[in-house]
Amino acid sequence: MNTSSSKPLAVAIMGPTASGKTAAALAIARERPVEIISVDSALVYRGMDIGTAKPTAEELAAVPHHLIDIIDPLEAYSVAQFRADTLRLVDEISARGKLPLLVGGTMMYFKGLTEGLDDLPTADAEVRAALDAEAARIGWPGMHEKLRQVDPVTAERLKPNDAQRINRALEIYQLSGRPMSELLTGRGKLELPFDLVSYALEPSDRGVLHARIALRFDQMLGRRDDEGIVAEVAQLRARGDLSPTLPSMRCVGYRQTWDYLDGRITRAELREAGIIATRQLAKRQLTWLRSMPERIVVDCLGKDPSGALLQQISALGR
């Protein structure tokens, strides 16, 4: 990156779940004036604190945070909304003389920010509801086969139980009459109005990250059902207007807990399913990161990853 650029500077701290992104950002915030922009599709939801590992009230108060607790779990937040909000926030934070830190692990958000968005039809609640109803009859593997008939390219890269993405691909086909794979342009990267330097906290030992994931899920689960994520999901269910088909309730940990509260799995199975799903999320995140050659890798299992990040950011000279 050209450190003499006249553009403002923004720094991304990416990484898989449980890699220590929040801790690193807060450590940097203690040493220089920053504001944190959350790049996490789960942290946008109000009332979803435990299962999302949301920063504590004290952590949120220690440094300005953005794009956390901004919508109700009944609502949806798109990549396009994230991109528009982030472009605005980086401009505002830079104008205040602070460094914008983009912190999170939702790689689709990072991709949408840096590469722009394809011209896909917006979500249609009626079409989605009809698809969900059909999925209830034939199952998501059946819907996956239906997708294969109209868009084999997209079906090939999706797993048969990937409900959210199968639903979206079928929705796009119904609304546009064209397969999603034809509408995705694969356009090149756009020029951002700021210089973005991207760091990735990645594990040198995948097994250690898996142990961290298991420990964190155990902490989320707690010892009893009246505490932890089970109590949180029970409270959300008690509202009466949420369902397991919503994007919010499809978040890792939440959909498994919903199944537990429905009596479909035991508490031991909930723990196992939650840990496995989180490991799978981390694997997908690391796959995304490997496709970003411009990232600067920092070992999240090193002696002082926060210090290493701070040193590299300071060396930018801006």
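**Ground rules**

I am working from a predicted model, where local features need pLDDT of at least 70, side-chain atom pairs count only at pLDDT 80 or more, and totals for chains, interfaces and linings use all residues. Residues are numbered from 1 along each chain as its sequence is written, and side-chain values use heavy atoms, with hydrogens and water left out.

**Entry 1: the annotated site**

I started with the UniProt record, an unreviewed entry, which puts a "binding site" at Gly-15, Pro-16, Thr-17, Ala-18, Ser-19, Gly-20, Lys-21 and Thr-22. The record also lists Thr-17, Ala-18, Ser-19, Gly-20, Lys-21 and Thr-22 under "binding site". I note that UniProt positions are in the numbering used here, feature names are shortened, and annotations may be inferred rather than shown by experiment.

I looked at Ser-19 next, and found it in the loop between strand 1 (9-14) and helix 1. (Helices are DSSP runs of H or I with at least four residues, strands are runs of E with at least two, and both are numbered from the N terminus.) Is Ser-19 buried or exposed? Ser-19 counts as buried because its relative accessibility is 2%; buried means under 20% relative accessible area, exposed over 50%, and partly exposed in between, with a 1.4 Å probe and protein chains only. Setting aside neighbours within four places in sequence, I see Ser-19 in contact with Leu-201, Leu-209, Arg-212 and Cys-300, where contact means heavy atoms within 4.5 Å.

Lys-21 sits in helix 1 (residues 21-29). Its relative accessible area is 12%, so I log Lys-21 as buried. Among the residues that Lys-21 touches, beyond four places in sequence, are Val-103, Gly-104, Gly-105 and Leu-201.

Which backbone oxygen lies 2.9 Å from a polar atom of the Lys-21 side chain? The backbone oxygen of Pro-16 does. The backbone oxygen of Pro-16 also lies 2.7 Å from a polar atom of the Ser-19 side chain. (A polar contact is a pair of N or O atoms within 3.5 Å; within protein, one must be able to donate a hydrogen and the other to accept it, and residues adjacent in sequence count only if both atoms are side-chain atoms.)

Thr-22 is in helix 1 too, but I log Thr-22 as partly exposed because its relative accessible area is 32%. Outside four places in sequence, Thr-22 is in contact with Pro-55, Glu-59 and Val-103.

I went to Gln-285, which has its place in helix 12. Gln-285 is buried, with a relative accessible area of 7%. Beyond its neighbours within four places, Gln-285 is in contact with Gly-15, Pro-16, Thr-17, Gly-105 and Met-107.

Arg-267 lies in helix 12 (residues 267-290) as well, and is partly exposed at 24% relative accessible area. Its contacts, leaving out neighbours within four places, include Leu-221, Asp-225, Val-230 and Tyr-260. A polar contact of 2.4 Å joins the side chains of Arg-267 and Asp-225.

**Entry 2: helix 5 is bent**

I compared helix 5 (residues 125-150) with a straight one: 26 residues would span 38 Å at 1.5 Å a residue, yet its end C-alpha atoms are only 21 Å apart. (Expected span is 1.5 Å times one less than the number of residues.) Where does helix 5 bend? The bend is about 105° at Gly-139, with Pro-141 following within four residues; the angle is between axes fitted to the seven residues ending there and the seven starting there.

Asp-124 caps the N-terminal end, with a side-chain oxygen 3.0 Å from the backbone nitrogen of Glu-126. The buried residues of helix 5, including Leu-131, Trp-140 and Leu-147, pack against helix 6 (152-157) and helix 7 (163-176).

I traced an open sheet of 6 strands in the order 3-2-4-1-5-6, with parallel pairing. Its edge strands are strand 3 (65-66) and strand 6 (296-299), each pairing on one side only. Strand 2 (residues 34-38) pairs with strand 3 in the parallel sense over 2 bridges, and DSSP must find at least two bridges for two strands to count as paired. Ile-37 stands opposite His-66 in strand 3.

Key. The expected span of a helix is 1.5 Å times one less than its number of residues.
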